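Let's take a walk through this one together, going from single residues to the whole chain and back again. Have the viewer open as you read.

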Amino acid sequence: MWLFFCIIAAAAAVLNVIWTIKGGEAKWFRFISLSFTAFTLCAFYSADAKWVLSEDWSALLDVTPVMSKALWIGTVISIVINSVSLFKSPKK
C-alpha cells in the first residue's frame, strides 16, 4: 500500500512542477503530493507495526533499515520539489 501512495505522491509532485512552470496555480497538486507523502510514511509505519505484532523479525531486519533511509530521502525530495511552486509565482 505504501508503494501505491508513494507513486501517487511522486506523480502529483511532477504535475505540481509542470503546472507551476506553465504559469498555473498548483496548490492542489502540492497538497495532494504532500498528503500522499504523509500517507506513505504512515502506511510503512503500519506495515512495520504488523510485522512486530506477528513477530516477523526477518521482515523487519530485511526491509526496515533500507526503507527507512529511502523514506527519509523521499520525504526530503518531496518537500523540495513541492517548494518550487511556493517560490515561483504564477504569471497572470
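Is Cys6 buried, partly exposed or exposed? Cys6 counts as partly exposed, at 34% relative accessibility. On that scale, buried means under 20% relative accessible area, exposed over 50%, and partly exposed in between, with a 1.4 Å probe and protein chains only.

A word on ground rules before going further. This is a predicted model, so local features need pLDDT of at least 70 and side-chain atom pairs count only at pLDDT 80 or more, while totals for chains, interfaces and linings use all residues. Residues are numbered from 1 along each chain as its sequence is written, and side-chain values use heavy atoms, with hydrogens and water left out.

Back to the cysteines. The structure holds zero disulfides, a disulfide being a pair of cysteine sulfur atoms within 2.5 Å. Cys6 is in no disulfide, and its nearest cysteine sulfur, in Cys42, is 14 Å away. Cys42 itself is exposed, at 53% relative accessibility.

Now zoom out. The protein chain has three helices and zero strands; these are DSSP runs numbered from the N terminus, helices being H or I with at least four residues and strands E with at least two. Read along the sequence, the pattern is simply α-α-α. What box do the C-alpha atoms fill? Along the principal axes, roughly 55 × 15 × 15 Å. The radius of gyration tells its own story: the protein chain has 16 Å, but a compact globule of 92 residues would have a value near 12 Å. That radius is taken over C-alpha atoms, and the globule rule is 2.2 Å times the number of residues to the power 0.38.

How about the inside and the outside? Of the 92 residues, 29% count as buried. The accessible surface comes to about 6,500 Å², with 76% of it belonging to carbon and sulfur atoms; the areas come from the Shrake-Rupley method with a 1.4 Å probe, and for residues only the protein chains shown count as cover. As for charge, there are 8 positive and 5 negative side chains, and the centres of the two sets lie 27 Å apart. Lys and Arg count as positive and Asp and Glu as negative, with His and the chain ends not counted; each charge is placed at NZ of Lys, CZ of Arg, CG of Asp or CD of Glu.

Next, follow the helices one by one. Helix H1 covers residues 2-21 and includes Val17. The C-alpha atoms of Val17 and Cys6, eleven residues apart along the chain, are separated by 17 Å. Leaving aside neighbours within four places in sequence, Val17 is in contact (heavy atoms within 4.5 Å) with Ile81 and Val84. Across the protein chain, among contacts between residues at least 6 apart in sequence, 67% join residues at least 24 apart.

Most residues other than glycine have a negative phi. Glu55, though, has a positive phi, near 55°, and is exposed, with a relative accessible area of 55%.

Finally, helix H3 holds Val66, exposed at a relative accessible area of 54%. Val66 and Thr37 are 29 residues apart in sequence and 18 Å apart in space, C-alpha to C-alpha.
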